[in-house]
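Here is a colleague's note to read alongside the model, written for someone meeting a structure of this kind in a first course. Please keep the sequence and the 3D view open while going through the points.

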Amino acid sequence: MPELKRLHAGHAPAVLAFELANRAYFAASVPDRGDDFFDQFPDRYNALLAEQEAGICAFHVLVAEDGLILGRFNLIDIGDHTAELGYRVARHVAGRGVATATVRELCRLAAARHGLRTLRAATARQNSASQKVLTKAGFVPVGPADPAHLDGEPGTWYQRDLVLQPDSAILPGDRLTDEYGRR
C-alpha cells in the first residue's frame, strides 16, 4: 500500500525521477516547469526543504512499496490557519482514485498536524481531472482564480473547510499511512 510521507532529503533522486518521467504528462494540463527546474534541481529541492523547516510549507510524497514516487502533495504558504494545496500524480496511477484518497488524507493531516482550518486550491478551467479530484475530496468552487496565479490560464479557486474529526469518521479508502508507517 502506498504511504504518504513528509518530504526529506533522501527522497530527492526519486522525486527527480518522478518529475522527469511524467514531464510531458504534466505539461498537457499544467504549465511545464521548464529546463531550469531540472538543471537546478538540487538547489531548488534544498530550498523546498528549507521552506518546510521554516514552517512556510509542508511537502509530501506518495511512495509506492517499491520506493517509486506516485505523487507529490503540498501545503503551500501556511499561515493564519490556511494554506494552498498543490498536487500531481504519476500518469500510470491517474484515474484510479489515488489523488482523491491522498488529498483527503492530506486534509486530515493539515488539520491535525498544522492546525489548518481552510485549504484552497486553484485549477485551470481545462483541467477537469483536477476539478473532479477536488470536488470528490470535499472542495467547493469559491470564485475565479487570477490567470497570473495559473501561468496565464483562466481558472477557479476551490476551498475546503477542515474539521478535525475522530479517526472513526474516516472511511477505509480515505486513509493512508504517515511518514512513520502509522495509520
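This is a predicted model: local features need pLDDT of at least 70, side-chain atom pairs count only at pLDDT 80 or more; totals for chains, interfaces and linings use all residues.

1. Rolling a probe the size of a water molecule over the atoms shows where empty space is left. The largest pocket has a volume of about 1400 Å³, and its lining is made up of 49 residues, among which Val 30, Arg 33, Gly 86, Tyr 87 and Arg 88 lie nearest the centre. By kind, the lining of this pocket divides into 25 nonpolar, eleven polar and 13 charged residues. Several helices and strands each supply at least two residues to the lining of the largest pocket, including α4 (41–53), β4 (82–89) and α5 (98–114).

2. Helix α5 has 17 residues and reaches 23 Å from its first C-alpha to its last, which is close to the 24 Å expected at 1.5 Å a residue. Because 13 of its 17 residues are buried, α5 is largely enclosed by the rest of the structure. After α5 comes Gly 115, whose phi is positive, near 65°.

3. How many disulfides does a search of the whole structure find? The search finds zero. As for individual cysteines, Cys 57 counts as buried because its relative accessibility is 3%, and Cys 107 counts as buried at 2% relative accessibility, the cut-off for buried being under 20%.

4. A pair of aromatic rings is described by the distance of the centres and the angle of the planes. The count here comes to six aromatic pairs. One of them joins Phe 18 and Phe 26 in a tilted arrangement, 5.5 Å centre to centre with 55° between the planes, and both Phe 18 and Phe 26 are buried. The rings of Phe 41 and Tyr 45 have their centres 5.4 Å apart and their planes at 35°, so this pair is tilted.

5. Phe 41 and Tyr 45 both lie in helix α4, four residues apart, about one turn of the helix, and both are buried. An α-helix has 3.6 residues a turn, so residues three or four places apart point the same way. Ring pairs also link Phe 37, Phe 38, Phe 41 and Tyr 45 into a cluster.

Note on methods: Residues are numbered from 1 along each chain as its sequence is written. Side-chain values use heavy atoms; hydrogens and water are left out. On a 1 Å grid over the protein atoms alone, a cavity is a set of points where a 1.4 Å probe fits but cannot get out, and a pocket is an open set with protein on both sides within 12 Å along at least five of seven lines; lining residues have an atom within 4 Å of a point. Grid points are joined across faces, edges and corners, and a volume is the space filled by probe spheres set on the points. Ala, Val, Leu, Ile, Met, Phe, Trp, Tyr, Cys and Pro count as nonpolar, Asp, Glu, Lys and Arg as charged, and the others, Gly among them, as polar. The expected span of a helix is 1.5 Å times one less than its number of residues. Buried means under 20% relative accessible area, exposed over 50%, partly exposed in between (1.4 Å probe, protein chains only). A disulfide is a pair of cysteine sulfur atoms within 2.5 Å. Rings of Phe, Tyr and Trp (its six-membered ring) pair if their centres lie within 6.5 Å; planes under 30 degrees apart count as stacked, over 60 as edge-to-face and the rest as tilted.
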